[in-house]
Amino acid sequence: MAQKPKVDPHVGRLGYLQALVTEFQETESEDAKEQVLANLANFAYDPSNYQYLRQLQVLDLFLDSLSEENETLVEFAIVTHQNPAHLFSFCLLHGADW
C-alpha cells in the first residue's frame, strides 16, 4: 500500500496536491499509482481545488493515464472524465488551454 506523501503540514493544499502529483510521477509501484490517482480524482470533486489541479496540470496526468497498460489506472481516468463534476468539466468551465 502506498504511504501518505511526506508533506510538511504547513504547506497547505497546493503543497499536498503537488506531493501527490510528484509521487505519481516518480513511483515505480503500480499500487501507489492507483492510490494516488484515486486520491487526485477525489480532490476533483471539490471546486475549491480546481485552481490547484489546473496549476499542477492534473488533467494531463489523467489523460496520460488513459494510455497506461495498467487497466485500473485507465479505469480511474475514464471514470474521472465521465463524471461531470470532474476534470473535463472544470477545465472547460475554467478556460483550460487545449
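This is a predicted model: local features need pLDDT of at least 70, side-chain atom pairs count only at pLDDT 80 or more; totals for chains, interfaces and linings use all residues.
The mean pLDDT of the protein is 79, with 70% of residues reaching 70 or more. Among the elements, helix 1 has the highest mean pLDDT, at 95, whereas the lowest, 55, belongs to helix 6 (residues 87–93).

Two packed helices are described by the angle and the distance between their axes. For helix 1 (residues 12–26) and helix 2 (residues 30–43), the axes come within 9 Å and cross at roughly 145°. The crossing of helix 1 past helix 2 is left-handed. On the side of helix 1, the contact is formed by Y16, L17, L20, V21, E23 and F24. Helix 2 contributes A32, K33, V36, L37, N39, L40 and F43. By class, this contact comprises 10 nonpolar residues, one polar residue and two charged residues.

In helix 4 (residues 58–65), the residues V58, L59, L61, F62 and S65 are buried. These residues lie on the same side of helix 4, because the arc they cover around the axis is only 160°. In an α-helix there are 3.6 residues a turn, so residues three or four places apart point the same way.

The loop between helix 3 (50–55) and helix 4 contains Q57. Although Q57 is not a glycine, its phi is positive, at about 55°. Q57 counts as exposed because its relative accessibility, 52%, falls in the range over 50%.

Conventions
Residues are numbered from 1 along each chain as its sequence is written. Side-chain values use heavy atoms; hydrogens and water are left out. Axes are lines fitted to C-alpha atoms, for helices over the stretch in contact, and angles run from 0 to 180 degrees between N-to-C directions. Helices (H or I, at least four residues) and strands (E, at least two) are DSSP runs, numbered from the N terminus. A crossing is left-handed if the near helix is turned anticlockwise from the far one by less than a right angle, and right-handed if clockwise. Contact means heavy atoms within 4.5 Å. Ala, Val, Leu, Ile, Met, Phe, Trp, Tyr, Cys and Pro count as nonpolar, Asp, Glu, Lys and Arg as charged, and the others, Gly among them, as polar. pLDDT is the predictor's confidence in each residue, from 0 to 100. Buried means under 20% relative accessible area, exposed over 50%, partly exposed in between (1.4 Å probe, protein chains only). The arc is that of the directions from the helix axis to the C-beta atoms.
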